[in-house]
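Work through the exercises below with the structure in view. Each task is followed by a solution in steps.

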Amino acid sequence: MTLTPLVYWAQRHEEIYLRVELTDAQHIDVQVHEDVLHFRAQGHGAKGQNEYGFSLQFLLPVKPEVSHKSTQRQVNITVRKQQRGWWSRLTLQERRPVFLAPDFDRWLDESDAEMEIREKEEKKSRMRVARQTEEGFVSLKTGFLFVYNLVQFLGFSWIFVNMTVRLFIFGQDSLYDTFHTISDTMFFCQILACVEVLNAAFGFVRTAVIPTLIQVVGRNFILFIIFGSLEEMHNRPVVFFVFYLWSAVEIFRYPFYMLACFNTEWKTLTWLRYTVWIPLYPLGVLAEAVAVIQSIPIFDETKLFSIPLPKVIGTSVSFSCILHVYLVLMFLGLFINFRHLYKQRKRRFRTKKRKAN
């Protein structure tokens, strides 16, 4: 014998909502035929475990498509009205069936339902405006990052090509005048590189701030303090090796970032970006360390940047003491950045391998 479950209903301008009180419902069959809804299912209702069913003839035409979702406690049914509007009652018969009751959890009168529609439309409008604003910001951010990486790529490419050509033309002599021919462009590129720290700090790019800060500060310390402040260092061959190793890394890194601005990838460039640093980055740090070691006697002799102490002591702390500490920090920074770059490389190629599989 088929029993009748408790059914609760509510409406909106375009839909009818039915909630059938049936626990652990199985074999659910819901159909709409000629504006009559037929429901049948097995489950635990008001009269225990049994087969339950009912039929409802709607007041006005509805669409034949019906959707339902079963939970552990009930079956939720959604029926769409043929025409948008507000019904005075649910069924064609004026007398409400005894098993049918209003669903006060979802019940709204017509004015409240219209207000709900207006709120939804306003929310959609706000989301659309926010999406357009976000898209505009993303476009502006993408354009900014692309131009920045393009400028850096052009700058370091000019340095690398210029040094390579001069090395082939002048041979060993080109090692001694690198600072005079390249320093202006290198100063520009390394000052501009401070933007990378800000990009990481403000979330413009997804990268760690500390490794970026270590690299930018470390390079600028070598460029401005070791090379820029000591004229005696200008003609040292170590300048050539530092500048050449820096630029050799960057001519692959910046074009990779340029393509990433538009979610584009060139596999060869990706491999180079995540591979060439393995030999070049430690060599660059080694060249920087040589430059620091060569500058220590010069700072001792010139007393440049020495820290004066009170007259009672009668001496000053040479800047070379700071450089000895800096040498230790330099190799600590090498370890931190090498570990960071290795993790990046491992994560990048592991992800690509998963996609390939």
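**Exercise 1.** How do the residues of the lining of the largest pocket divide into nonpolar, polar and charged?

Solution. The lining of the largest pocket has 22 nonpolar, 15 polar and 12 charged residues. Here Ala, Val, Leu, Ile, Met, Phe, Trp, Tyr, Cys and Pro count as nonpolar, Asp, Glu, Lys and Arg as charged, and the others, Gly among them, as polar. The model is predicted: local features need pLDDT of at least 70 and side-chain atom pairs pLDDT 80 or more, while totals for chains, interfaces and linings use all residues. Residues are numbered from 1 along each chain as its sequence is written, and side-chain values use heavy atoms, without hydrogens and water.

Next, locate the pocket. Its lining has 49 residues, and R206, F256, Y257, A260 and Y274 lie nearest the centre. A pocket is an open set of points on a 1 Å grid over the protein atoms alone, where a 1.4 Å probe fits, with protein on both sides within 12 Å along at least five of seven lines; lining residues have an atom within 4 Å of a point. Helices that each supply at least two lining residues include α1 (110-170), α5 (237-260) and α8 (319-356). Helices (H or I, at least four residues) and strands (E, at least two) are DSSP runs, numbered from the N terminus.

**Exercise 2.** Which helix gives the most to the lining of the second largest pocket?

Solution. At least two lining residues come from each of α4, α5, α7 and α8. Of the helices, α8 gives the most, with eight residues. By class, the lining has 14 nonpolar, five polar and two charged residues.

**Exercise 3.** What is the order of the strands in the open sheet of five strands, and which stand at the edges?

Solution. The order is β6-β7-β2-β1-β8, with mixed pairing; two strands pair if DSSP finds at least two bridges between them. β6 (62-70) and β8 (100-102) each have a single partner strand, so one side of each is left without a neighbour in the sheet.
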